[in-house]
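The entries follow the display.

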Amino acid sequence: MKLPKSLAEFTDRSRVFDVVNPAVRSPKLDTSHGTILYLEDITVSFDGFRALNELTLYIHAGELRCIIGANGAGKTTMMDVITGKTRPDSGTAWFGQSIDLLRLSEPDIAQAGIGRKFQKPTVFEQHTVFENLELAMAGDRRAWKMLFARLTPAQRADIDEVLNVIGLTEHRHRQAGALSHGQKQWLEIGMLLMQKPALLLVDEPVAGMTPQETERTAELLLSLAGRHSVVVVEHDMDFVRSIARTVTVLHEGSVLAEGSIEQVQRDPRVVEVYLGEQA
Amino acid sequence: MGEHSMLSKLLRSERGSLVFLAILFVIGVGMPLANLLLPASSALHPSTYTLGLVGKYMTYALLAISIDLIWGYCGILSLGHTAFFALGGYAMGMYLMRQIGSRGVYGDPILPDFMVFLSWEKLPWYWHGFDMFWFAALMVLVVPGALAFVFGWLAFRSRVAGVYFSIISQALTYALLLAFFRNEMGFGGNNGLTDFKEILGYDLQARSTRIGLFVVSAIALGLGYVLCRWIVTSRFGRIIAAIRDSEGRTRFIGYRVEHYKLWLFVISGMLAGVAGALYVPQVGIINPGEFAPLNAIEAVVWVAVGGRGTLYGAVVGAVLVNYAKTYFTVAWPEAWLYALGTLFVVVTLFLPKGIVGILQRFRRSES
């Protein structure tokens, strides 16, 4: 019975098959409504534990947003969903109005314009600082092209500029593995910049940094906002206070409160579940 | 910038490569000349047998380079690379079989002896075309390349990596070993392909042909080396090294890791195929034994002993271990496998960077 039906479907002349339409792998990012990231009703469960529970969150274009929350609040899982590492059980995730993140693979998402900095600095330790930036550079990523790829003067200038921004110009030919912890963190931010992402996800950028390094990192992130949208996940409340305009508090996989740092800190629920613990 | 300056840049960047290519040139030119010009009584006269031995080592060295390319630079440990080596060898063997023509024992102008013996009436379809050298040469690249492509595509797409990849690559070569053992496959079964007479019309036993094969092996090794060196010094090379060091991170900056691994694996498989194709006319036989997983592991040991991730280290390892094997299997045959095992353990425990690692350490302490 099934065959005649699918045969009828197949011969239906008004139907346009997927194979005929060219696959649109990464349509242009469209932020004309002023929002760059839409997460709606996202739920992720691991063995019955709900890491994200109908999480709904919007990030505006050009915004610097801090996300705080206790361990297990779902911060890292949220990042995993946005970057394609984890698929949610339900919900929708859109990058701008035109790109459905849930249908893209990790490299596709990276190429669409979402860059991620991990909690642990993960630079390529065997490569030099310069090579790390070269690898992260936006552009064609097809394997055969890379055999013949040479840096253009414009690309060199780009790398030089980023080296300057992250303050590693003198270390350009050092192996990344030989850098200090703080320098590695900056190099990683530099690699993010080379990707020219529209949205940067930064996971605990100042963990393990000295106060001076922390201050330098705050300046760096503040200088990025505006040109890029930046989402920072951080535990260090002093650091959050120094950079945040809007803060979102996650708790048990959903948004507990959102607003300026003062508003959030006054919120009795937040004091109870998060700030209260620290006091 | 032109080809020339790129090549010179490629070679200037590393002393080891330069030394290796110089030595290869001296051997590739010097040994045949010494064989031809010096009298047989001279101490410097290499016998034609020695020439054949060194030629065989050079094909092993090419196999070792192909393994180092994926293992040393991309962290893919294939324990089944002899599959590609043997397939290249079989493609060449099929050409050499067809060249025998009616000079076989049974005198059939078309069918190789083993087919007549099995009372086959006509040539299986996949033997057609192998009477032409260009077709066989093409198949030397295409067959291993295609197998590497299909196998690699399935493995890398499913993110099979590390020890799991090693195990299934070993299963692959073992499966081929069993398949080629069967007479019904049409590749001569247990006995394989042998009794070759001519290559391109030249008598395989003649000294001039042996010298020709030696020189071609040296050229193939040199070209294979330069090709690998070019790959690893390109941006592609930096990306595969990044994949080796942190695959997940490479994926997150937007590289399709599986494509990179796949193309590298295909190139490596083709190089191994060329090595096999040059090996067969020099040893005069190809049989299913070449698929043995033990051979594949031995080839990995060569690379480990020489030092991986340098290319020339793989050559050093291949030549030294095989020289030791030649010596041992004559002088003290039952000890060879123990010696090989001990060597592997010692290298793994004390010399993680192989022989090349020792040399580098010496140089650093000098300067």
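My entries begin with conventions and then turn to the sheet and the interface.

**Conventions.** I worked on a predicted model, in which local features need pLDDT of at least 70, side-chain atom pairs count only at pLDDT 80 or more, and totals for chains, interfaces and linings use all residues. Residues are numbered from 1 along each chain as its sequence is written, chains are lettered from A and ligands numbered from 1 in the order in which they are written, and side-chain values use heavy atoms, with hydrogens and water left out.

**Sheet.** I looked up the strand order in chain A and found an open sheet of 6 strands, 6-7-8-3-9-10, with mixed pairing. Strand 6 (114–117) and strand 10 (254–259) of chain A are at the edges with a single partner strand each, so one side of each has no neighbour in the sheet. On average, neighbouring strands of this sheet are turned by 20° against each other, direction ignored. I took helices (H or I, at least four residues) and strands (E, at least two) as DSSP runs numbered from the N terminus; two strands pair if DSSP finds at least two bridges between them.

Strand 6 of chain A pairs with strand 7 (residues 199–203) of chain A in the parallel sense over 4 bridges, and A:Ile114 stands opposite A:Leu199. Helix 7 (residues 181–194) of chain A packs on the sheet and touches both strand 6 and strand 7; contact means heavy atoms within 4.5 Å. The direction of helix 7 makes about 175° with that of strand 6, where axes are lines fitted to C-alpha atoms, for helices over the stretch in contact, and angles run from 0 to 180 degrees between N-to-C directions.

**Interface.** I found 28 residues of chain B in contact with 34 residues of chain A. The area buried between the two chains is about 2,900 Å², with 61% from carbon and sulfur atoms; this is the accessible area (1.4 Å probe) lost on putting the two parts together, summed over both. B:Arg235, B:Arg249 and B:Phe252 supply 31% of the area that chain B buries against chain A, more than any other three residues.

**Salt bridges.** I counted a side-chain nitrogen of Lys or Arg within 4 Å of a carboxyl oxygen of Asp or Glu. There are 5 salt bridges between chain B and chain A. In one, B:Arg249 meets A:Glu188 (3.5 Å, N to O). I also noted a salt bridge between A:Asp108 and B:Arg256 (2.6 Å, N to O). A:Asp108 lies in helix 3 (residues 106–112) of chain A and B:Arg256 in the loop between helix 10 and helix 11 of chain B, so this pair joins two chains.
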